[in-house]
Amino acid sequence: MNRRRRTDLLIDLGLGIFGLLMLTPLIMLVANAFKTPEEMLSWPPTLIPRDPTLDNLTSVLNETPLLSWIGNSLAFALLSTLAIVATSGIAGYIVAKFPFRTINIVFALFLATAIVPFEVYMIPLYFQVKQLGLLNTVPGLLVGYLVMSFGIFLIRQNVLASIPDELIEAARIDGGGEMWIFWHIVLPLLRGPLAALAVLAFFQAWTAFAWPMIVATKRSAYTIEVGLALFQTGYTVDLGRLSAASACVLVPSVLAFVLLRRNFVQGVAATGMKE
Amino acid sequence: MLRRRRWRFAVMALLPTFAIFAWVRLYPIVQTLNLSLHDWNLLSKNKPFVGLSNFIELFGDRLFLTALGNTAIIAFGVMLLTIPSAMVLAGLIHYRTRSRFAGFYETSVFIPHVVSLVPAAMAWKWIFDAKLGPLNALITRLGGEPQSWLFDPYLSVLCVIILCSWQALGYAVLIFLVGFRNLPTSVYEAARLDGASGIQSFRFLSVPLLKPITLYVSVVTLISGFNVYAQAFVLASDAQGAPGRLVRVLVLDMLENSFRNYRVGYAAAEAVILLVIVLVLTGAQFALLRERNGR
């Protein structure tokens with residue numbers, strides 16, 4: 001028994017150290033944001049800045065439209081979440097509960113496109129956006145992130161698993177219209193999976209890179225990811241300011257993740273049950 | 001009558017989603033396939049049909065072959081690094097589920113998977129930095145030779161692999177954890193009664209039982225490895241603003257051909273090759289699964 005306790009302790013220790021190591025790059029980045037240029041070079045790297053400074057942060061905010069980049073990203077991610085939740089909610093319900101053959105074929109088509117990575121068709125999609133004159137706009141960004149095949153699949157699985165046909169039949173007999181049933185009976189029962197999907201969709205758009213990179217080419221239209229990536233290729237940029245800019249993005253997204261962890265993990269874990 | 005009304009509702013409700021799908025998925029996918037057989041310089045009205053000549057040219061294109069090679073090395077490197085370690089980690093975390101720190105283990109491994117890519121890559125860029133980075137400082141302290149991690153053609157690919165693995169690990173661990181939680185406890189119970197050690201039951205029970213999940217996570221990791229772009233862009237861009245010249249990857253080569261060299265058809269052909277790779281990998285996954293079930 002004693003030996004077992006010792007192995008458990010050892011495993012705990014190993015996992016703890018590994019977990020901290022995984023987080024180290026991020027922790028160091030945030031620490032660097034508040035360091036003076038001299039301290040940044042000191043060895044061993046300090047975890048807590050000896051004489052913390054806000055210079056990096058203020059000079060980044062003066063030099064770059066960081067806040068408006070964050071604003072662009074937020075608008076893009078929120079609208080994308082809204083679109084994906086709406087389309088997945090209704091389409092997932094229909095494909096689960098309306099067993100018409102044509103609908104099954106359409107659903108198979110939805111799923112089949114999920115195999116094709118976004119990178120494969122983003123160039124033609126770019127020209128569609130260009131034709132509409134939506135380059136460098138949030139709606140233009142949105143075009144790439146309006147639907148999610150996995151979202152439809154996720155909602156369909158949840159409808160099949162948790163909403164019995166009898167419930168819907170009963171509502172129909174009571175004279176409920178189809179729209180009313182969807183809105184007042186189905187949606188409330190799907191709150192959990194829809195929340196998981198929302199968190200997933202938000203982070204997907206928030207961290208998008210390749211698509212915003214080609215659609216947003218004007219400095220004012222960048223998302224935060226693109227802005228940061230291009231900001232760091234400049235000549236004169238030093239590490240402190242880069243770290244400060246990165247920390248501005250990192251800290252809120254880690255906080256959001258920790259708060260929404262349950263929803264997120266539920267959503268991501270569901271991607272594994274596709275098979 | 002009732003059936004007709006229900007049918008009409010279903011169609012009306014599905015129509016907007018289907019229209020969006022057709023517009024932002026189906027059409028551009030077909031368009032990619034179509035463009036790959038044409039020559040188009042972005043400006044001209046004409047898009048002459050050139051058959052397979054884009055593909056033939058690609059296989060003599062040194063830059064493309066470098067990109068394909070790098071991308072494949074990165075994808076397989078990330079898979080080889082991530083999958084075994086994720087399985088062991090998930091096994092250990094599952095074993096310590098009742099530990100007070102189980103939540104921390106899971107979260108700390110998962111956070112790199114969700115944080116914004118560019119800031120995270122920036123952190124690693126600093127770590128790898130030849131002059132300012134802590135990695136070289138550490139190596140010097142230990143009496144080693146400092147390396148120019150991000151400027152050496154081999155080491156910079158390794159750096160991209162490390163960054164991508166650091167990010168991919170959390171997803172793999174999470175999926176493996178779901179797998180571990182769904183394994184039948186009775187089998188382990190029996191093994192323990194027969195005197196099997198923890199390591200033995202991991203080796204002889206968990207590994208074979210988790211095979212379908214291993215297959216799934218491996219393919220997902222490989223596919224996202226083939227789509228690598230941002231990581232290479234951030235890590236391997238130099239101060240002169242020539243991003244990603246050092247570690248050329250498929251997506252980068254594709255975007256450069258399309259938007260810098262104005263060869264959209266040629267870039268579409270690259271996209272088609274990426275698609276073929278993904279389809280082959282997915283096909284292999286299903287074939288391996290079926291083979292296993294058939295036995």
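The model is predicted: local features need pLDDT of at least 70, side-chain atom pairs count only at pLDDT 80 or more, and totals for chains, interfaces and linings use all residues. Residues are numbered from 1 along each chain as its sequence is written, while chains are lettered from A and ligands numbered from 1 in the order in which they are written.

The contact between the chains was examined at the level of residues. In chain B, 76 residues are in contact with 71 residues of chain A. Two residues are in contact if their C-beta atoms, placed from the backbone, lie within 7 Å. Helix 1 of chain B gives the most to the side of chain B that touches chain A, namely 18 residues. That side of chain B has 61 nonpolar, 12 polar and three charged residues. Here Ala, Val, Leu, Ile, Met, Phe, Trp, Tyr, Cys and Pro count as nonpolar, Asp, Glu, Lys and Arg as charged, and the others, Gly among them, as polar.

Helix 1 of chain B covers residues 2–35. Helices are DSSP runs (H or I, at least four residues), numbered from the N terminus. This helix has 34 residues and reaches 46 Å from its first C-alpha to its last, close to the expected 50 Å. The expected span is 1.5 Å times one less than the number of residues. Helix 1 of chain B bends by about 40° at B:Leu15, and B:Pro16 follows within four residues. The bend is the angle between axes fitted to the seven residues ending at a residue and the seven starting there. Buried residues of helix 1 of chain B include B:Phe18, B:Phe21 and B:Arg25. A residue is buried if 20 or more other C-beta atoms lie within 10 Å of its own, exposed if 12 or fewer, and partly exposed in between; C-beta atoms are placed from the backbone.

Helix 5 of chain B (residues 117–128) should span 16 Å, and its end C-alpha atoms are 16 Å apart. It is mostly covered, with 12 of its 12 residues buried. Among them are B:Trp124, B:Lys125 and B:Trp126.

In chain A, seven of the eight residues of helix 13 (residues 224–231) are buried, so this helix is largely enclosed by the rest of the structure. A:Glu225 and A:Phe231 are among those buried. Their cover includes helix 5 and helix 11 of chain B, together with helix 4, helix 12 and helix 14 of chain A.

Two helix pairs were then compared by axis. Axes are lines fitted to C-alpha atoms, for helices over the stretch in contact, and angles run from 0 to 180 degrees between N-to-C directions. A:Val265, A:Val268 and A:Ala269 meet B:Tyr171, B:Leu174, B:Ile175 and B:Val178.

Within chain A, the axes of helix 3 (residues 55–63) and helix 14 (residues 239–259) come within 8 Å and cross at roughly 80°. Helix 3 of chain A is thus roughly perpendicular to helix 14 of chain A. Their contact divides into four nonpolar, four polar and one charged.

Two loop residues of chain B have positive phi. B:Leu42 has phi near 85° and sits in the loop between helix 1 and helix 2 of chain B. It counts as exposed, with 12 C-beta neighbours inside 10 Å. For B:Tyr262, phi is near 55°. B:Tyr262 is partly exposed, with 14 other C-beta atoms within 10 Å.

Technical notes. Angles under 35 degrees count as roughly parallel, over 145 as roughly antiparallel, 65 to 115 as roughly perpendicular and the rest as oblique.
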